[in-house]
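Hello,

Here is the structure I promised to pass on to you. Please open it first, and then read my notes below.

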Amino acid sequence: MDFSQTAERISLKFSQKGQSVDTKKIEAKLRRLIEEFGVQPAEAERSVTNELAKEFNLPGIGTGGGGAGKPGEREIRSIADVTPGEWVTIEGKVVAILSPVSPSIAQSGIIADTTGAIRFVVWAKANAPEMRQDAWYRIESAVIDEFKGVANLKIHSGTSVKPIVEDRALIPSILKVGELKPGIGSVRVKVVQEWETTHERMLQSGIVGDESGTVKFVIWKEPSKERLKVGAVYTIFYALVDEFNARLSLNLSTATYMQDEGDITVSGGDSDVRGAVVHIAPGSGLIKRCPVEGCNRALSRQNYCPVHEIQPGFVYDLRIKGWLDDGEKTYNILLQREVVESLTGINLNAAKELAENNPLGMDEVFLRMRDTILGRYIICRGREIDNRLLVRTCERVKMDTGEHTALLNRAGGAP
Amino acid sequence: MSNGGTTAQGRKEGGFEREPARRVFAGELRECRHQFREGDDEKSPTFVLLPTGERSNRVFLVGTLTEKQRRGEQNIFYRGRVVDPTGTFFVMAGSYQPEAMQQLAKIETPAFVGVVGKPNLYQTPDGAYLVSVRVESVTIVDRETRDLWVLDTARATLDRIDAMAQGLTPDAARVKEHYPALDPAMFRKMVYEALAQIKI
């Protein structure tokens, strides 16, 4: 773990008061607390700050445990720098208001300053004035906490919220999709795909992406929200970046988005994996699929579909399931018919014929395909989800004399 | 036994992750002297410690099957020798790997083969060490695949040597303990010689 940033931040607090503290020393204290004693990072930061504040007799600096209104908390903090557990004062612009999800919440939304943006929640008990979208506020003694791994600004009864007159231009920094983290994010993306909505309150869902990758998005039905056009490029400000099962998604409920000129070459989240096929799983080769509209499940040998039972009117298909291994990591690969045909040189008709004219039937197709690609080097390109690779295209690796020479030099180059 | 995917191992949250097949030359694999198990579970994977500093639960190797023998009376198993530019791999497939055993039985020597399997370290009564690879699958491949494997394995071996020189490998301490006298330069030389045997 790297403590230098936190140490820098603590050291800055003291240097502002004319005391210099060795960041190495701070780092050591932090490391000891976090690594040896398992203290939460935010708690460790507070603890070290307090310890030093005591040492230098600077009571204003330490962020005391809960006592509101200490002088130090009046210092305006940058939204980008706040960490869970802190009591803070910030000045920012409300860039989004969300409909409250619970009666105990009066308002929620996003507040931003020039450094970043954070979600906020106003508790009904806080008796805070209602905040308006696009207005600036000074919020004193609010608490930063963490909800589902995302920092949140809580406005409670001890918090003061005052409108302020501000006319600073606020331009959110646009991130690449690949750089998004849970919280708030602004991106410039192309709409790659839209999906059938799975919920009546959902307006639209699908995939957006840029050169660095792709991410799922969702828009919930609200009067002001419009659908995105597939293929168009949009700039999206202040979307909620949620994390579920280690995958990110963009919730545009809070976001402002506008269509943009130009085009983006979306990487498609495509990965290239070069490796050896180390296993071909049963269920590869020639298979039968359920003919019921929209089902398409693979049938058992007895033509049994897990949902639609016996289906004698099955449809033949080709697929290969297996493991592709680059020596460092193993990918579960799934090859669809076109890819199987191009890789094995056996097309669907040839496979059917093989199965019909052979005592082993469909097993013969499996064995032939196994013997053609198992233990071979291939390059697969496709979408990677965890360690699964949904392969779009696939080809055999060819010998590269340049690589041979480079390796010879590498092996012989060092003493 | 190993179905190449059913042994539960929850090192990563969200489930099982298949152990990658390391690329290693015969000349390195035969120098293995340490085998260990990660975790106390019966199904925890065992690893041999490669002298270049990486643990290996599975290997992928390509070479020439020069010899195979059927052994055993009740428990039939096959033994084979697979030769690469640096030495010989000893492979075996028994009744727990019926498919691999049948594949091995079918292949006529000599032939280029690609083998996926699990390395195991044995010590003979006279104290000698032997690394044998229990085959999960074996197929006949072509010469180009063999050449690609030599390149791939050369790259992987050099990567391991470099990572160990920089102390980047998580098993560096294990290597120091179990292979105190080993000189990585010897493996670099082995890689060079293996590459030099490839004619393009």
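The notes below go from chain A to the interface, and then to the cores and the surface.

First, some ground rules. This is a predicted model, in which local features need pLDDT of at least 70 and side-chain atom pairs count only at pLDDT 80 or more, while totals for chains, interfaces and linings use all residues. Residues are numbered from 1 along each chain as its sequence is written, chains are lettered from A and ligands numbered from 1 in the order in which they are written, and side-chain values use heavy atoms, with hydrogens and water left out.

Chain A has seven helices and 20 strands (DSSP runs numbered from the N terminus: H or I of at least four residues for helices, E of at least two for strands). Of its 415 residues, 46% are buried (buried is under 20% relative accessible area, exposed over 50%, partly exposed in between, with a 1.4 Å probe and protein chains only).

Now to where the chains meet. In chain B, 37 residues are in contact with 34 residues of chain A (contact means heavy atoms within 4.5 Å). The area buried between them is about 3,100 Å², with 58% from carbon and sulfur atoms (this is the accessible area, 1.4 Å probe, that two parts lose on being put together, summed over both). Five salt bridges are found across this interface (a side-chain nitrogen of Lys or Arg within 4 Å of a carboxyl oxygen of Asp or Glu). A salt bridge also joins the side chains of A:R410 and B:D159, at 2.8 Å from N to O.

A:D325, in strand β17 (residues 315-325) of chain A, is buried, with a relative accessible area of 0%. Leaving aside neighbours within four places in sequence, its contacts include A:G275, A:T330, B:E19 and B:R23.

The largest nonpolar core has 59 residues, and B:F60, B:W149 and B:L195 have the most contacts inside it (a core is a set of buried Ala, Val, Leu, Ile, Met, Phe, Trp, Tyr and Cys residues joined through side-chain atoms within 4.5 Å). Helix α3 (residues 143-165) of chain B gives the most to this core, with eight residues. Apart from that core lies another of 28 residues, among them A:L286 and A:I373.

Finally, B:F90 sits in strand β7 (residues 87-93) of chain B and is partly exposed, at 31% relative accessible area.

Best wishes
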